Amino acid sequence: MSASSTTAIAGSETNYLNCERGIWSWLTTVDHKRIALMYLYTLTLFFFVGGIAALAVRTELAFPGGQIMSADTYNRWFTAHGVIMIFLFIVPGIPAVMGNFLLPLMIGAYDVAFPKLNLLSLYVYWLGAAMALVSLGIHPVDTGWTFYGPYSIKTGSAVVWMTGAAFVLGFSSILTGLNFIVTIHKLRCPGMTWWRLPVFVWALYATSAIQVLATPVVGMTLMLLIFERAFGVGVFNPALGGDPVLFEHFFWFYSHPVVYIMVLPAFGVIGEIIPVFSRKPLFGYRAVVVSSMGIALVGFVVWAHHMLVSGISDFSAQFFSIVTFLVAIPTAVKVFNWVSTMYKGSITFSTPMLYAMAFVFLFMIAGTTGIYLATLAVDVFYHDTYFVVAHFHYTIQGGAVIGLIAALHYWFPKMFGKMYNDLIARAAWFLIILGFNLTFLPQFVLGMQGMPRRYYDYLPQFADLHLASTIGAYINAFGYSLALLNLFWAMAVSKKKAPSNPYDALGLEWRTQSPPIKDNFETIPTVDDTPYAYGTPVASH
């Protein structure tokens, strides 16, 4: 692989961070790297806000009986947690931050295909976020993040503002997905064939397809909900001749694929990290790529497993149960290939690798417990219990969030040209994994014992497990805070500079200086026939 490569230490040359100065240069930039950082700063803010809401909920549930809030306030706090975390943090998460920053670098391009559209997607995201904050300030929504009718039509909370915010945020996702698809098709450097693309780029491609195809459905659904509240149109309200189950079909047709919008990019991140720190090519590269596209495809035909107890026909329930089981196949392919890559590898237990290995472990729990919920007879008992809460968080936090944290630690030297304190990063990793499992493993047991989710109060028999879960939540929050503060300190204060390629990786993003120059490369690189493991970074010995 030939590319303009330098071993210069960061800070000794002009880069995308210092080539222009002033807030206006950031607000008007079309540089994909700067746009990625603005996404990162905004998402980090909402991560902490959503986390505070989660801690408020867990504090209330630490003991039976009312603790710090009323039942109505509790409903608003857990709704705020769900809406902020899903729509404002996790869905844009890896694509908006790591995808924006890395995609052009990984395929040897100067920028994305539509730089101005990229900036527009950021402003659309900010507009949607502002609308969500307004709704929290007017009359916080108490419907849960799913906005189920007919309650969402009748409640006096600011549902129109919040659903309008989600509607606007959807346009940001669509613009980002469209931009990525065109970029991958049209801007690959010479020699970067489809079967040489990094697995992270393939994951972004599959994710972008879902964003473009599925997001309009939830946009249409939320707009119909707004019309029903504003004009009394009978779409989902049975009192007006509407059908609330229709809302569930529309909502989950988007919201199950959105799980893969959250998780597929994390799969790509793990596929980049494990080979580098195992000093081996990714085992079964083509199988991993095909499995990503397979997950994206199957993800569109499994939505009604969320509705197995909603009164759908027996045939529909059986069909959606079967196809849900099929999702396990491409997911298992990925896990098998990651573990096979590590097998007999020269593994370095660096911080990114620790997060990658934790991801594999946690997502195995998520996938295994998902089998229970796809089983018709078992789902009748587990539906709407804490078993679902635990499964969901092992999928989303154990998958998407851990994947994002792994990506930030792995590519941090490239993004900022600095090295973080590895000892603190490892300590934060330990606290995150300890706190996460202490929070949600007890919730599986709570669900098996029949504890319903979303309840403000509970019977004394559930008290010990709820207390353990709350203690775990605080440990988890402290771990995330420590990890992000460590990265912020390294970025803003630390003088420990990073070399261009601290991991001896072979991806194109490591063939330019750290931080990269404004245009990424002095000249467009060319990928030749040197050992590149079909796009997967392979560290040299």
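Let's start at Asp384, which lies in the loop between helix 14 (376-382) and helix 15 (386-416). Helices here are DSSP runs of H or I with at least four residues, numbered from the N terminus. Asp384 is not a glycine, yet its phi is positive, about 60 degrees. Its relative accessible area is 37%, so Asp384 is partly exposed. The cut-offs: buried is under 20% relative accessible area, exposed is over 50%, partly exposed is in between, with a 1.4 Å probe and protein chains only.

A word on the source. This is a predicted model, where local features need pLDDT of at least 70, side-chain atom pairs count only at pLDDT 80 or more, and totals for chains, interfaces and linings use all residues. Residues are numbered from 1 along each chain as its sequence is written, and side-chain values use heavy atoms, without hydrogens and water.

Back to the backbone. Most residues other than glycine have a negative phi, and most peptide bonds are trans. Phe147 also has a positive phi, about 55 degrees, and is not a glycine. Phe147 sits in the loop between helix 5 and helix 6. Buried or exposed? Phe147 is buried, at 0% relative accessible area.

Pro150 is in the loop between helix 5 and helix 6 (151-154). The peptide bond from Gly149 to Pro150 is cis, omega near 5 degrees. Another cis bond joins Ser514 and Pro515, with omega about -10 degrees. Pro515 lies in the segment after helix 17 (463-492).

Next, helix 2. Of its 29 residues, 21 are buried, so mostly covered. What span should helix 2 (residues 32-60) have? At 1.5 Å a residue, 42 Å; the end C-alpha atoms are 42 Å apart, which agrees. The expected span is 1.5 Å times one less than the number of residues.

Now cavities. The structure holds four of 30 Å³ or more. Of its 17 lining residues, the closest to the centre are Phe87, Val91, Pro92, Leu169 and Ser173. Which helix gives the most to that lining? Helix 7, with six residues. Helix 4 (93-106), helix 7 (159-186) and helix 8 (199-231) each supply at least two. A cavity is a set of points on a 1 Å grid over the protein atoms alone, where a 1.4 Å probe fits but cannot get out; lining residues have an atom within 4 Å of a point. Volume is the space filled by probe spheres set on the points, which are joined across faces, edges and corners.

Last, Val134. Val134 is found in helix 5 (residues 115-138). At 34% relative accessibility, Val134 counts as partly exposed.

How values were computed. 1 Å grid on protein atoms, 1.4 Å probe; cavity = no way out; pocket = protein on both sides within 12 Å on 5 of 7 lines; lining within 4 Å.
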